[in-house]
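Please look over the following notes with the sequence and the model open beside them. They are set out as numbered points.

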Amino acid sequence: AGGGKKRKAEEESGEPLGDFVVPEKFKILPTDTDEVKAAKKKKVHTLRSAHRQKKSEEDKKGKQASWNSFSAKAGKQKAKGFMSTMKKESIFRTGEDGRVGFTGSGKGTTQWRGV
């Protein structure tokens with residue numbers, strides 16, 4: 001009954017995953033029968049897949065943490081350069097009535113106050 005807790009603790013340990021190593025009890029011996037060999041191969045395949053999955057998740061978490069720290073730093077910096085202090089306003093802004101493209105309405109095109 002206590003074996004599950006031990007296995008769970010091993011999975012959650014903060015140690016980085018290394019290369020997969022086949023446990024001694026699953027190594028195929030010359031004295032094993034064909035059924036035992038097949039069962040061991042299946043178990044090793046399952047363990048290897050689980051190890052690859054854990055390693056992939058660990059890599060993804062590392063990349064995510066890296067990106068989050070980068071984006072947090074980048075968001076704090078003030079924009080520098082030409083026109084960085086100008087109020088950003090759409091060049092496609094319409095008037096109060098919201099009508100666009102009517103000729104002869106007496107109203108000119110929207111002027112952009114840029115460079």
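1. What share of the contacts in the protein chain with a separation of 6 or more is accounted for by residues 24 or more positions apart? The share is 51%, where a contact means heavy atoms within 4.5 Å.

2. This is a predicted model: local features need pLDDT of at least 70 and side-chain atom pairs count only at pLDDT 80 or more, while totals for chains, interfaces and linings use all residues. Residues are numbered from 1 along each chain as its sequence is written, and side-chain values use heavy atoms, with hydrogens and water left out.

3. The protein chain has two helices and zero strands; these are DSSP runs, numbered from the N terminus, with helices (H or I) of at least four residues and strands (E) of at least two.

4. Of the 115 residues in the protein chain, 4% count as buried. Buried means under 20% relative accessible area, exposed over 50%, and partly exposed in between (1.4 Å probe, protein chains only).

5. One aromatic pair turns up in a search of the whole structure. Trp67 and Phe70 form this pair, with 5.4 Å centre to centre and 45° between the planes, and it is tilted. Rings of Phe, Tyr and Trp (its six-membered ring) pair if their centres lie within 6.5 Å; planes under 30 degrees apart count as stacked, over 60 as edge-to-face and the rest as tilted. Trp67 and Phe70 are separated by about one helical turn because they are three residues apart in helix α2 (residues 34-76). Trp67 counts as exposed because its relative accessibility is 53%.

6. Ile91 lies in the segment after α2. Its relative accessible area is 44%, so Ile91 is partly exposed.
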